[in-house]
Each structure stands twice: as structure tokens, then as C-alpha cells.
Amino acid sequence: MDKNEILTDLKKAVLEGDDDLSQELANKALDQGLEPMTIVNQSIIPGIQEAGELWKRNEYFHTDIILCAEAFRLAMEIIEPKLSAGELGASGKVIIGTVAGDMHNLGKIMVNATLRGGGFEVIDLGEDVSQDTFIEKIKEINPDILGLGCYMTTTMLEMREIIKRLEKEGLRNNLKVMIGGVPCTQEFAEEINADVWGKDAFDAVEKAKMILGVK
Amino acid sequence: MYLAEAPAKKFFTDLDYNFELGGLVGRYYNLDGPVGGHDAYDVEVEALGGKLIYGENSMPTIDFRQPLIKNYEDLEKLKKKKIDFQNAGRFPMILNSTGSMVGGNCIFCSPFSLAVGLMGFPKLIRAMKREPKLYHGVMSFVVDDVLAPWIRVQNEKHGNLMGIGADAWASVPNLSPKEMMDFIVPYNIRLEKKCKEFGVMVMNVTGDYCEERVEKFDPKILHDSFDVEVASMGGNPALFLAMGRWHEYPLEAVRNYTEKYRKEGKGVTITAGINARLLRDGPVEKIVDNVKRFIDTFARDHSLTIFLSNVPADTPSEHIHAAVAATHTYGKFPIADNLEEIELNIPKKKSFKEWRIENESIIKAQMKEEAKEERCGLAGLLWQQMGKVNQNRKFQEEYADAKMSFLYNLTDQRYSALITIENGTLIVKHVDNEKDNVKNIEVDGSIACTASLFFDFTGGKISKVGMLLKMLTGKLKVKGAKKMQELAKIMAL
């Protein structure tokens with residue numbers, strides 16, 4: 001198989017959410033001697049970026065994005081270990097998690113993929129993440145952005161408490177806070193002193209770049 | 001729960017307590033419909049063995065990190081498990097409390113949303129697209145082995161004839177309308193058919209249009225999602241404008257959709273939601289404008305209900321008072337030609353805490369009295385439709401000296417309905433088919449048939465010839481047909 005063909009097919013596999021094929025082609029690409037960064041920049045990331053364009057045009061729905069995110073993740077799992085330190089994450093470092101009491105992760109799965117597609121290094125703390133865990137990891141990892149997600153109107157109030165805790169621990173000024181999830185709004189973000197609200201997974205990566213001044 | 005400072009665990013495990021608080025909050029806000037209820041997306045999953053997280057201040061939530069079904073083998077294992085519909089999880093809580101019935105309807109988790117609860121959305125979507133055997137296996141299981149029997153058990157206990165399925169996962173943009181039509185609606189219809197066999201009409205609230213980005217609003221996708229809604233509501237043009245940004249979308253797109261039904265003379269029901277985030281963030285003027293817009297656009301030629309759902313916990317009470325006042329003011333019949341000419345007065349109310357101290361005991365006593373007038377089964381449905389006739393002056397005058405009674409004997413149900421008209425007042429009661437001797441009740445007119453046939457017959461789904469055949473075969477028994485026509489006249493008032 002021609003190297004260019006592999007790159008094209010891998011992009012297509014990511015775009016179409018074919019996780020088995022994306023893994024297969026990621027391996028093939030490495031076997032063919034393609035540079036890992038080339039594979040990422042010419043296939044995997046463009047795949048998810050094109051998914052974003054289709055999303056904006058109402059041709060893709062969450063079903064498509066979620067499969068695309070999984071194909072992206074699995075392809076990256078194969079390529080990332082081959083990258084040199086610092087090749088990824090040039091846009092910045094993001095810690096992301098669903099707040100305590102909340103188990104929902106659909107939005108977070110998609111945001112994870114789009115942020116990585118946008119060149120961010122993403123550390124996903126999972127769901128039902130306590131304040132203590134967020135604080136501990138922020139101190140350990142020193143991210144540029146803290147991403148908080150929630151799905152319920154009762155758990156969204158926890159976001160306010162997390163930000164207060166950041167202020168109390170003297171961490172607030174050293175990072176940006178992005179919130180997201182169904183009950184959130186721009187007004188709520190301003191009210192709780194978050195920096196920005198991500199309307200959806202694709203808006204999140206644009207806003208993340210905006211608040212860090214990344215092109 | 002938040003307003004009443006109720007402990008979350010108690011609120012979601014004690015439905016009588018939940019119902020009582022809902023009654024208080026409903027009266028505080030002067031709402032017309034039921035308030036509160038249990039976490040509809042969790043109960044069946046929990047009964048099957050799924051893990052729930054009970055937060056201190058939040059609604060329970062499924063632990064999606066530990067899905068019950070990860071693969072086909074898990075499904076096969078679950079299918080072998082004998083489900084105790086009387087005792088598993090919080091099923092007893094639902095069976096032992098009429099608080100579980102919202103407006104006389106049982107509430108359940110619709111097939112697709114239940115499947116999400118069992119597998120997680122990503123895995124279920126992958127199965128839908130890439131592992132059809134697993135997807136269809138799970139969906140068939142939830143319909144045939146979980147929901148149909150669970151709805152039946154509730155019907156046998158409470159006598160409810162209707163069930164409403166919560167299906168927020170099946171909405172745009174989670175799925176496309178085509179995906180919903182191809183993969184979800186067939187299972188909604190399957191459940192509808194199964195439940196009809198034992199006399200319960202189920203409707204699934206599937207297909208809600210929830211596009212977040214207003215610039216992505218697409219009337220074609222909206223109309224296609226309405227097709228999904230109608231197909232999931234038994235073919236009835238009952239539309240939910242639930243979680244979307246309806247304060248920003250063009251409402252004319254909805255009217256364009258309903259035009260075909262209105263031209264045929266079919267009544268269209270719209271349940272229009274005030275966006276939860278608008279309700280929280282306000283300002284009041286924007287909330288009022290939203291209500292006015294709904295009423296101005298729909299209320300004159302649709303059956304419109306305005307509802308408040310997913311209300312964020314810290315929503316200011318003033319916002320809800322404003323929404324209710326606007327609904328009652330602008331929505332007063334006949335709807336004025338120019339709503340701008342109507343003056344709106346939003347009541348200045350005490351805090352719920354202060355109001356509760358003054359009113360709780362009185363209201364609890366009222367609710368206790370009302371509970372004595374509980375109408376199970378068809379009686380509840382008939383009362384909802386006919387009860388207001390007692391405020392109709394024409395009825396009061398025409399039937400001032402009347403004395404008649406009618407029986408709707410649903411032969412396969414626990415409860416039948418007895419309607420009496422006496423001295424200008426209409427009374428509806430239920431009759432326990434097991435305890436009371438229905439056959440010996442003397443009435444002026446009666447209909448006896450199964451619940452399923454009753455709904456087909458009253459819903460106009462049986463032709464005159466069909467009805468005659470049913471009567472000839474003894475499946476439909478009508479006595480006092482002329483007097484029954486009198487009842488039909490009253491119903492039309």
C-alpha cells in the first residue's frame with residue numbers, strides 16, 4: 001500500500017469512526033516508516049477536524065463524533081508512544097474531569113478528542129472527581145487549563161465550589177478555567193468566575209486556543 | 001428538592017415524601033400540573049443490578065463506569081436473570097406509592113434511554129453501527145423482558161391506562177432524525193403494541209430537538225425530528241418543544257409542520273418548555289417574552305401546555321413566579337388578539353421557607369382530602385378531561401335537574417369508571433372490578449369492553465361497521481346507547 005494511500009485511508013477511518021481500521025492503519029503507517037508526527041498531522045488530526053466541519057454543517061451528529069473520537073483515541077494510542085517528548089501538546093496542557101456526583105462523560109469523551117486534535121495535551125481525570133483530586137493534580141501537573149464538565153443542574157453548582165477552592169489554594173491565577181455540559185451557560189460561567197464556557201466539543205477547542213492565545 | 005431543602009436520598013427513595021413536597025412546591029408556584037417525581041432514567045437499570053451513585057445534594061445517577069452490558073455475553077447473562085418486578089431495586093417504592101403516578105400515568109425509561117443506562121452511550125452507538133446483533137439484542141431485551149412486564153405490573157397495581165416514556169438520550173443532536181427513525185422508533189412501536197395487549201397506552205417522548213447552536217437551526221431536521229416524536233406518540237400529533245433553545249428558534253417552523261394536521265381538522269398538542277437555562281439566568285423580561293411568544297404563536301389553534309423542566313437547583317423563585325404569572329395572564333381564554341395590550345402583574349411572594357411555615361399544614365390537610373378522591377384508571381383520565389365541565393355555566397343550567405349515571409366497564413382492567421350527573425354536577429369515581437359487583441350497578445348507559453378496544457373506539461380507529469362487528473361478537477357491549485349520546489354531548493362542552 002502506497003504511503004499516501006495509508007495516510008488518506010487512516011484519515012477516512014478516523015473521520016468515519018472505524019476504530020478497528022484506524023488502529024490497523026496506524027500500525028501499517030508506522031510499519032511503512034512514516035514519521036509519527038506526519039501520521040498525526042496529516043491523518044489523525046485532520047480526520048477529527050473534518051468531523052468538526054461536518055458537525056457544523058449538520059451532517060454529523062453526536063453518534064458520528066463519538067465514533068470518530070474513539071477511532072482517534074485508538075489511533076493516537078498507537079502513535080503517541082513513538083513521538084518524541086514535546087512533539088504533542090504544543091497548544092497547552094489541559095486537565096479535564098466531570099465533577100463530583102456526576103457520572104456523565106459523553107461530552108468529555110468528545111472534548112478530549114477535539115482538544116487533542118487541537119494540539120493540546122489532555123489529562124483526563126474521569127468522572128465523579130472530587131475537589132481534592134482536582135487540586136492535587138493541578139499542583140502536580142501545572143496545567144494551562146482546567147476543564148470542568150457536568151450534566152446535571154445539581155452537580156453544576158460544584159463548579160462554583162471548585163473555583164472557590166482554587167482561589168483559596170492560591171491556584172486560580174495560574175490557570176484558566178473552562179466549563180461545559182448541558183446545564184451550563186455563558187452567564188453561569190461569568191457568575192462563578194470561570195474564564196470561558198465551551199458550548200460543545202468543537203467550541204471548546206476554539207475557546208481553549210482563544211484563552212491561551214494559540215493560533 | 002433544593003427549594004424545600006430536602007435530603008436527596010430521602011427525596012428519591014420515599015415517593016410519598018417526594019409527592020408531598022411536590023404538592024407544596026406546586027401550590028407555592030401556583031402550577032397547574034404535577035411537580036417532582038422520581039429519577040425516571042435510573043429505576044429499571046438499578047432493578048437489573050446497575051450501580052447508582054446517590055449524591056448528598058443531587059439526583060441519583062447511573063455509574064457509567066460500570067455498565068451492566070459491555071458485550072453480547074453480558075446481555076446473555078442478564079437475560080437469564082429472573083427479574084423480580086415486585087421487589088427489585090426501587091420497584092417496591094413505585095408500586096407502593098401513588099406518588100409514582102404523574103397525572104395518573106406511569107413513568108418509565110424509554111427503550112433507547114434504558115439501553116444507554118445499561119451500556120453507556122458510546123458503546124451502544126458502536127453496537128448500533130457495527131454490532132447489530134448486540135444492539136438489537138439489547139433493545140429487544142429492554143422492550144420484551146423489562147419494560148413491557150414492568151409497565152404491566154404497575155397497571156395491575158395502580159390501574160393506570162397510560163404510560164409516558166422518558167427518552168432524553170434520543171434527541172437531536174445526539175442522533176440524527178433518520179437514526180432515530182431507523183433504530184429507535186421501531187422499538188417504541190414494539191413496546192406500544194405489547195402494552196396495548198393489556199390495555200395500557202404508552203407514549204415515548206423521543207426525538208426532542210435540542211440543537212445548542214442557534215446558527216445551526218435547521219427546519220428540515222426539526223421537521224424530521226417531529227416525525228420521530230409523532231411516530232413515538234402512537235401517531236398522535238403531540239409535539240414536545242422540550243430542552244431546545246425555544247426562546248431563540250423561529251416558532252414559525254413549528255407552525256409550518258403542524259399545518260398539515262390543522263388542515264385535516266386534527267387537534268395538535270404542543271408541550272412547550274421554557275429553556276431551563278433561560279429560567280435560571282433570566283432576566284424576567286426575557287422569560288415573560290418567551291411565554292408570550294409561545295402563547296401568541298400556538299395557543300389560538302393548538303392545545304398548548306407550557307412546562308418547566310430540568311429547572312436548575314439555584315433558579316431564583318422570582319423567575320418561576322414570572323413564568324407562571326405570564327402563562328396564566330396571557331394564556332387566559334379567549335386568547336387576546338394583541339397580547340401587548342394586556343397588563344401583567346407578577347406577584348411578589350414570600351420566600352418558600354416563609355410561605356411554607358404559614359401554609360404547610362393547611363395544604364397537607366387539603367392534599368389528604370384530595371387523596372380520598374383518588375380516581376384510579378380510566379376514572380382519572382376521564383376526570384382530567386371532564387372535571388372542568390362543573391365550572392361550565394351552560395352545563396350547570398342545562399343539567400340542573402338531571403339525574404343520570406354511566407358506566408365504562410373495562411373488562412380486562414382492575415378499575416372501571418362510573419360517571420354520575422346530579423343537579424348540575426358531574427362526579428367521576430372509579431369502581432374496583434375485583435371488589436365491587438360491577439354487573440349489578442344500575443346505570444342509564446354503559447359500555448363494556450377491553451381497555452384496548454375502548455381506546456380504539458373512542459380514538460376513532462374503528463369504523464361503524466367494525467363497531468357493529470365487535471358488538472355482534474360480544475366484544476363490545478353497549479347499553480342505553482341514546483343516553484350515552486347525552487354523555488358525548490356533555491364531553492363536547
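Chain A is built from nine helices and five strands, where helices (H or I, at least four residues) and strands (E, at least two) are DSSP runs numbered from the N terminus. Starting at that terminus, the order of elements is α-α-α-α-β-α-β-α-β-α-β-α-β-α.

This is a predicted model, in which local features need pLDDT of at least 70, side-chain atom pairs count only at pLDDT 80 or more, and totals for chains, interfaces and linings use all residues. Residues are numbered from 1 along each chain as its sequence is written, while chains are lettered from A and ligands numbered from 1 in the order in which they are written.

Some overall values for chain A follow.

| Property | Value |
|---|---|
| Box filled by C-alpha atoms, along the principal axes | roughly 55 × 35 × 30 Å |
| Buried residues | 53% of 215 residues |
| Radius of gyration | 17 Å |

A residue is buried if 20 or more other C-beta atoms lie within 10 Å of its own, with C-beta atoms placed from the backbone. The radius of gyration, taken over C-alpha atoms, agrees with the value near 17 Å for a compact globule of 215 residues; the globule rule is 2.2 Å times the number of residues to the power 0.38.

Key. A residue is buried if 20 or more other C-beta atoms lie within 10 Å of its own, exposed if 12 or fewer, and partly exposed in between; C-beta atoms are placed from the backbone.
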